[in-house]
Number of protein chains: 2
Amino acid sequence: MPMRRPGPLIGVLGGMGPLATADFMRQMAELTSASCDQDHYRSLVYSNPRIPDRSQAILGEGPSPLPELLEGVMTLARNGADIIAIPCNSAHHWLDELVAATRVPIISICDAVLRDLILRGIRTGAIGILGTRGTIRSGIYQERLRLSGFASVEPTDAELSKWVEPTIRAVKAGEIDVARSHLRRAIEALETRGAEAIVLGCTELPIAVDRSLSETSTPLIDSTRSLAAACIAWAMDAARPETRNAVELLAS
Amino acid sequence: MPMRRPGPLIGVLGGMGPLATADFMRQMAELTSASCDQDHYRSLVYSNPRIPDRSQAILGEGPSPLPELLEGVMTLARNGADIIAIPCNSAHHWLDELVAATRVPIISICDAVLRDLILRGIRTGAIGILGTRGTIRSGIYQERLRLSGFASVEPTDAELSKWVEPTIRAVKAGEIDVARSHLRRAIEALETRGAEAIVLGCTELPIAVDRSLSETSTPLIDSTRSLAAACIAWAMDAARPETRNAVELLAS
């Protein structure tokens, strides 16, 4: 009996944190149109929670995670990954260095979020960004939004300290109810300043969203889900070698 | 600044199915005592849903998954996995062949379930087993229970067809309410025949358990959770090189 074609291999550099990586894998599975196991795509997930804190490094308060990020990317590339996804927003501060180190395309989580905004019909206006202090400070989302003609709304230093950072810490500690009430306050602050959609630009934040939050009138863009959707769109396309355009688009 | 010791690497051969693997990773993260990312353990997860159906192969109705299982185990070993876990019960039908192919210890999901029974104070009596027809037919749980002095109670062919297999199909199709009512009937049948605890020996089954089921008087042993707990117990022990006993116990 001929062996089934194994199909593309999605490389995932995860563990930042580990629950977010599990959430990312669940979303990749749920977003795949499948009637049996064999319809799903292969993935190789290197979950390395020991990578130094990205946000602290961006703020100059801790060691650079770049050596470990590079080791992770090289591990995935060496094992035949056809594409690499990194379900951690802050890590994208080092995206240029990672892209330069490997021939394997890396799907940017910021590009994936932009793709989702457009798929949801949001093409102009002010977009709120929630994330670690490092992600906000690094400007990765503000720059990507500006290039696509959006304005951006970010939390103040006080809002980061009082609501955003405590949300992330509570998720990492498994205290989801605490996280949810902090997140609600952070969202309300950006709504008040005119955000027409809000990017949950830290993979811990969507874990604190329940139905009551996800049904607010302001669209919340789950960056983990955006990245998973972009990976599955890429894999569907890679499995049809005659149409490579979306691959090049996503990987560019 | 000295680089942090990366700690042990938990190898996971997954994708059977992909949602069960995501569930396994979530449980590993939740079972780890951690206050920040860096307290978690590293893992390398090769999720290969293209591995042929294990239950069909056991029943002689499909190709053997052994070549792909071996390739998965070798991939994890080649990349430095210190231990390997396979969150798929039916795949354990080929455990002896996999163990023989690598020097890396493989934690058996059946051993992990036995460990949980004992940790819950269940040391004698009849244990019910629910799983795919292939898992039940393979006898992996019955043999492991017998070796530890337990009797086992399994579903009849009719119960497999009417309740167990429909539960698994409904979970794979996302119809959780349907799955739950089938699972309840399967559990009641084993209780009637004297099961004092019931092993959910298929990684789809725990997904159909809600509070009303988990609070029944008969303890339900979630094999995915048992395997995750055994991996974390192993990793905690491996991180303390002075006490290797539990490692050897689990990996034996």
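I count two strands as paired if DSSP finds at least two bridges between them. Helices (H or I, at least four residues) and strands (E, at least two) are DSSP runs, numbered from the N terminus.

**Ground rules.** I am working on a predicted model, where local features need pLDDT of at least 70, side-chain atom pairs count only at pLDDT 80 or more, and totals for chains, interfaces and linings use all residues. Residues are numbered from 1 along each chain as its sequence is written, chains are lettered from A and ligands numbered from 1 in the order in which they are written, and side-chain values use heavy atoms, with hydrogens and water left out.

**Sheet, chain A.** I looked up the strand order first. The open sheet holds 4 strands, ordered E6-E5-E7-E8 (chain A), and the pairing is parallel. At its edges I found strand E6 (151–153) and strand E8 (220–222) of chain A, each pairing on one side only. From one strand to the next the twist averages 30 degrees. For angles, axes are lines fitted to C-alpha atoms, for helices over the stretch in contact, and values run from 0 to 180 degrees between N-to-C directions.

I then checked one strand pair. Strand E5 (residues 126–130) and strand E7 (residues 197–200) of chain A run parallel and are joined by 4 bridges. A:Ile127 has A:Ala197 as its bridge partner in E7(A).

Next came a helix. Helix H5 (residues 109–119) of chain A lies across E5, E7 and E8 of chain A, at about 140 degrees to E8(A).

**Sheet, chain B.** I repeated the search here. Chain B has an open sheet of 4 strands in the order E6-E5-E7-E8, with parallel pairing. Strand E6 (151–153) and strand E8 (220–222) of chain B are at the edges with a single partner strand each, so one side of each has no neighbour in the sheet. The twist averages 30 degrees from one strand to the next. Strands E5 (residues 126–130) and E7 (residues 197–200) of chain B run parallel, with 4 bridges between them. I found B:Ile129 opposite B:Val199 in E7(B).

Two helices pack on this sheet. Helix H9 (residues 176–192) of chain B touches E5, E6, E7 and E8 of chain B, and its direction makes about 155 degrees with that of E5(B). Helix H11 (residues 223–238) of chain B touches E7 and E8 of chain B, and makes about 55 degrees with the direction of E8(B). Contact here means heavy atoms within 4.5 Å.

**Helix H5, chain B.** Is this helix enclosed or open? 8 of the 11 residues of H5 (residues 109–119) of chain B are buried, so the rest of the structure largely encloses it. Buried means under 20% relative accessible area, exposed over 50%, partly exposed in between (1.4 Å probe, protein chains only). Among the buried residues are B:Ile109, B:Cys110 and B:Asp111.

I checked both ends. B:Ser108 caps the N-terminal end of H5(B), with a side-chain oxygen 3.0 Å from the backbone nitrogen of B:Cys110. Just after H5(B), B:Gly121 has a positive phi of about 80 degrees.

B:Thr102 sits in the loop between helix H4 (95–101) and strand E4 (106–107) of chain B. B:Thr102 counts as buried at 13% relative accessibility. Its side chain reaches the backbone nitrogen of B:Val104 at 3.0 Å. Apart from neighbours within four places in sequence, B:Thr102 is in contact with B:Val73 and B:Ala77.

B:Ile83 is in strand E3 (residues 83–85) of chain B. Its relative accessible area is 0%, so I logged B:Ile83 as buried. Most peptide bonds are trans. The bond from A:Met16 to A:Gly17 is cis, with omega near -5 degrees. A:Gly17 is in the loop between strand E1 (9–14) and helix H1 (18–31) of chain A. In chain B, the bond from B:Met16 to B:Gly17 is cis, with omega near -5 degrees.

41 residues of chain A are in contact with 42 residues of chain B. About 3300 Å² is buried between chain A and chain B, and carbon and sulfur atoms give 56% of this area. A:Asp37, A:Gln38 and A:Arg50 supply 22% of the area that chain A buries against chain B, more than any other three residues. Buried area is the accessible area (1.4 Å probe) that two parts lose on being put together, summed over both. 100% of the interface residues of chain A are also interface residues in chain B, so the copies meet through the same surface.

Key
Polar contact = N/O pair within 3.5 Å; in protein donor to acceptor, adjacent residues only side chain to side chain.
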